[in-house]
Structure formats: C-alpha cells, structure tokens
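Hi,

Here's the structure I said I'd pass along. Have a look at it first, and then read my notes below.

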Amino acid sequence: MNEKIIRIKDLKKEYGKNKVLRGIDFDLHTNENVVILGPSGSGKSTFLRCINRMEEPTSGEIYFNDILITDKNIQKMRQKIGMVFQHFNLINNLTVMQNLTLAPVKLKLMKEEEAEKRARGLLRHIDLLEKADSFPASLSGGQKQRIAIIRAMMMNPKVLLFDEPTSALDPESIGDVLSLIHEVANAGMTVMIVTHEIGFAKEIASRVIFIDEGKIIEEGTPKEFFEHPKTPRVKEFLKKVL
C-alpha cells in the first residue's frame, strides 16, 4: 500500500443543531482513486469541502503528509489539495487564459510566461486552445468543466477532489468530462470524487466509500462493494441505482 497522504480523525461538522458529519475516520493513500457514494444530503460534499477547508470542521483533525492542516494557512493547503466543483466556479469577467493563470501567478508558483505556456499546453490537450481568449459565458457546460479541471491541474496539486463534477451537465457533455477525469487519475493523480455516475465509479475507483447520515458505513474495492455489499443500507441503495 502506498503512503498515507491524508489522514482524518473524528471529523465532525455541525450547522447549529444540524449534524452533517458525525465523526469520520478516513485515510487516503497516494495514487488512490476513492469514489464517495451515498444518498443526497448524507454529507458527501461537506466531507470534501472540509478536506479542502472550503468549510471549517466543527471538530476533528485533518493531516496532510502528517502535518495537521486544520490550523495551517488555507491558501498553501489549497495549492496541494485542488478542488473541482459542481458549478465550475470560473470567473466570468476573465478570459479562459486569465482563469487558468491567475492563481499560479498570484501565488508566485510560476511567472506569467511560464503559466501561459503551461495553460496553452493543457488547452491544446483538451482541444480547447481556440477558446483561450474567450469568456466563460460563451462556453458550454462541458467546456467550462474541462477548463475547471485543467485550472486545478495548473497548481500541480498532490490530491484532486471532485464534487459531483457532472451533475450540472447535459448528457452529451458528461462523457468528455468523465474521460478527462479518467485520464487525470490514470496519470497517477490521487483522486477523491463524489459522483452519481455508477458505471464510471466502477471503472475508476480503487476504493469505494459509502456515506450515510454523516458517517462512513461501508467501504471496499469496487468488486467487494458492488458485488458483495455487507450492510442492509448499501444493499438497499444499490438496488435503486444498479
């Protein structure tokens, strides 16, 4: 087994009396592709957002490479733990090129020329180089999401988190986005992904975890999880989605 890159101990998140995460323990190893499944409202997205510190945990500990990150500089952590959102989060008044180069240049990870060269290479790779000077409003949802993925890649993260990256897309665009995520994962990136695309989950996952009511109630390899589920809750869920 590869080394642990993220360790999570007793992670809890509450909004007033609403307990969204109820004590999650979890380890992520380098080069793993972990798919997170579960019903809507179970805490899946909140779990990812706490790892990236888009949300501050109520309590618990998150370690990245054995460093406790719940009390560290947020921006430095986000360089290492990238995130791709459901609704793209591109900056509408910036061109595609500006969206891709803004963070690495501002954070002094690259000089502007270097960042533009890398951005052009990534755009060429996904066949969207002609969109470099376009604004997000002129792009389709699938194009926006693929650009959001390469924007995350611009930071050279160690871990990439995907929060339902295809749920806002039309069916025609979903394949292009899933294909790019597959490519990123196959290239050795450590990935965690919340998705409802069960076929894709089976293909990409090295491990599946199932979250319900703010807790991990089952995990295993795709074969174990989909063919031999252990808990009644997962059996019930799979009956509905398979």
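To get you started: which backbone oxygen does the side chain of Lys-13 reach? It's the one of Glu-56, at 2.7 Å. Before going further, keep in mind that this is a predicted model.

Staying with Lys-13 for a moment, you'll find this residue in strand S1, which covers residues 4–15. Lys-13 has a relative accessible area of 9%, and anything under 20% counts as buried, so Lys-13 is buried. Leaving out residues up to four places away in sequence, Lys-13 touches a group that includes Glu-55, Glu-56, Pro-57 and Thr-58, along with Asn-18, Lys-19, Val-20 and Leu-21. Thr-46 and Cys-50 are also among the residues Lys-13 touches. If you want a sense of distance, Gln-145 is 132 residues from Lys-13 in sequence and 28 Å away in space, C-alpha to C-alpha.

Now the whole chain. The secondary structure comes to nine helices and 10 strands. A compact globule with 242 residues would have a radius of gyration near 18 Å, and the chain agrees, with 18 Å. Along the principal axes, the C-alpha trace spans about 55 × 40 × 40 Å. Buried residues make up 51% of the 242. Take the contacts between residues at least 6 apart in sequence: 67% of these join residues at least 24 apart.

Next, Arg-207. This one is in strand S9, residues 207–212, and is buried, with a relative accessible area of 13%. Which side chains does the Arg-207 side chain join through polar contacts? One is Glu-32, at 2.8 Å, and another is Glu-219, at 2.7 Å. Setting aside neighbours within four places in sequence, Arg-207 is also in contact with Phe-26, Asp-27, Leu-28 and His-29, among others. Asn-33, Val-34 and Val-35 are on that list too, as are Gly-220 and Pro-222.

Last, the largest pocket. Its volume is about 580 Å³, and 22 residues line it. Gln-75, Arg-78, Ala-103, Arg-151 and Met-155 lie nearest the centre. Two or more lining residues come from each of helix H2 (74–80), strand S6 (81–84), helix H3 (96–106) and helix H5 (141–153). Which element gives the most to this lining? That's H3, with six residues. Sorted by class, the lining has 13 nonpolar, six polar and three charged residues.

Cheers

Key:
Residues numbered from 1 in each chain as written. Predicted model: local features only at pLDDT ≥ 70, side-chain atom pairs only at ≥ 80, totals over all residues. Heavy atoms only, no water. Helix = DSSP H or I, 4+ residues; strand = E, 2+ residues; numbered from the N terminus. Buried < 20%, exposed > 50% of the residue type's maximum accessible area, 1.4 Å probe, protein only. Polar contact = N/O pair within 3.5 Å; in protein donor to acceptor, adjacent residues only side chain to side chain. Contact = heavy atoms within 4.5 Å. 1 Å grid on protein atoms, 1.4 Å probe; cavity = no way out; pocket = protein on both sides within 12 Å on 5 of 7 lines; lining within 4 Å. Points joined across faces, edges and corners; volume = space filled by probe spheres on them. Nonpolar A, V, L, I, M, F, W, Y, C, P; charged D, E, K, R; others polar. Rg over C-alpha atoms; globule rule 2.2 N^0.38 Å.
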